[in-house]
Amino acid sequence: MTATESPLNLVRGPAKKPGWAQLVRLGGDRVAILFDELRKSVGRIDGIVERLHYSTPEDRWLVQYQAGGVELFTVRISPGLLETDMLLGLSEIETILKLRGLCGTLKNKIRAAAGHPESCSIRFALRDRRTVRSFANLARVKDKLVRNSGRGNS
């Protein structure tokens, strides 16, 4: 990672947006629109904090989202590509697979990862608004699961 990092809550806070213009140019118009929709959706999570990093070797932006001191997910923005990574525990996977609000693509990825022992990192490509909305729903559910388990209370 290079020197560009902003640990401020840029989702709902009063902070300025360092480097956002570069981020949008890197991803392209479609990625910028989808990312903006994702930010607005997850911005409704209480206490959400967004950390922006620029990674020179990979020539991409990384945006980490945390709530209650626990990382919820990471977004990777590369030319023409918006991806997310989320670490899920086995008990979280079991609960999440019962949800109705997730699109089939996300459920299939989660099912495929369910065979791992304790936890696994799952990568999702967000290619359309439906997948973005579904992933934002998943992020809100993960936040509730983390808070209910007590890990988010520090």
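Colleague: Which residues touch the most other members of the largest nonpolar core?

Modeller: Leu-38, Phe-73, Val-75, Ile-110 and Phe-135 do, in a core of 37 residues. Helix 5 (residues 129-149) gives the most to this core, with six residues. A nonpolar core here is a set of buried Ala, Val, Leu, Ile, Met, Phe, Trp, Tyr and Cys residues joined through side-chain atoms within 4.5 Å. This is a predicted model, in which local features need pLDDT of at least 70 and side-chain atom pairs count only at pLDDT 80 or more, while totals for chains, interfaces and linings use all residues. Residues are numbered from 1 along each chain as its sequence is written, and side-chain values use heavy atoms, with hydrogens and water left out.

Colleague: What is Phe-135 in contact with, leaving aside neighbours within four places in sequence?

Modeller: Leu-38, Phe-73, Thr-84, Met-86, Leu-106, Phe-124 and Leu-126. Contact means heavy atoms within 4.5 Å.

Colleague: At what angle do helix 4 and helix 5 pack?

Modeller: About 50 degrees, with the axes 9 Å apart; helix 4 is residues 104-113. Axes are lines fitted to C-alpha atoms, for helices over the stretch in contact, and angles run from 0 to 180 degrees between N-to-C directions. Helix 4 and helix 5 are therefore oblique to each other. Under 35 degrees counts as roughly parallel, over 145 as roughly antiparallel, 65 to 115 as roughly perpendicular, and the rest as oblique.

Colleague: Which residues meet there?

Modeller: Gly-104, Leu-106 and Ile-110 in helix 4 meet Arg-130, Thr-131, Ser-134, Phe-135 and Leu-138 in helix 5.

Colleague: Which residues is Lys-109 in contact with, leaving aside neighbours within four places in sequence?

Modeller: Ile-122, Arg-123 and Phe-124. The C-alpha atoms of Lys-109 and Phe-124 are separated by 7.8 Å, at 15 residues apart along the chain.

Colleague: Different topic. How many helices and strands are in the protein?

Modeller: Five helices and six strands, in the order β-α-α-β-β-β-β-α-α-β-α along the sequence. Helices (H or I, at least four residues) and strands (E, at least two) are DSSP runs, numbered from the N terminus.

Colleague: How much of the protein counts as buried?

Modeller: 45% of the 154 residues. In helix 2 (residues 29-42), the buried residues include Val-31, Leu-34, Phe-35 and Leu-38.

Conventions:
Buried means under 20% relative accessible area, exposed over 50%, partly exposed in between (1.4 Å probe, protein chains only). The expected span of a helix is 1.5 Å times one less than its number of residues.
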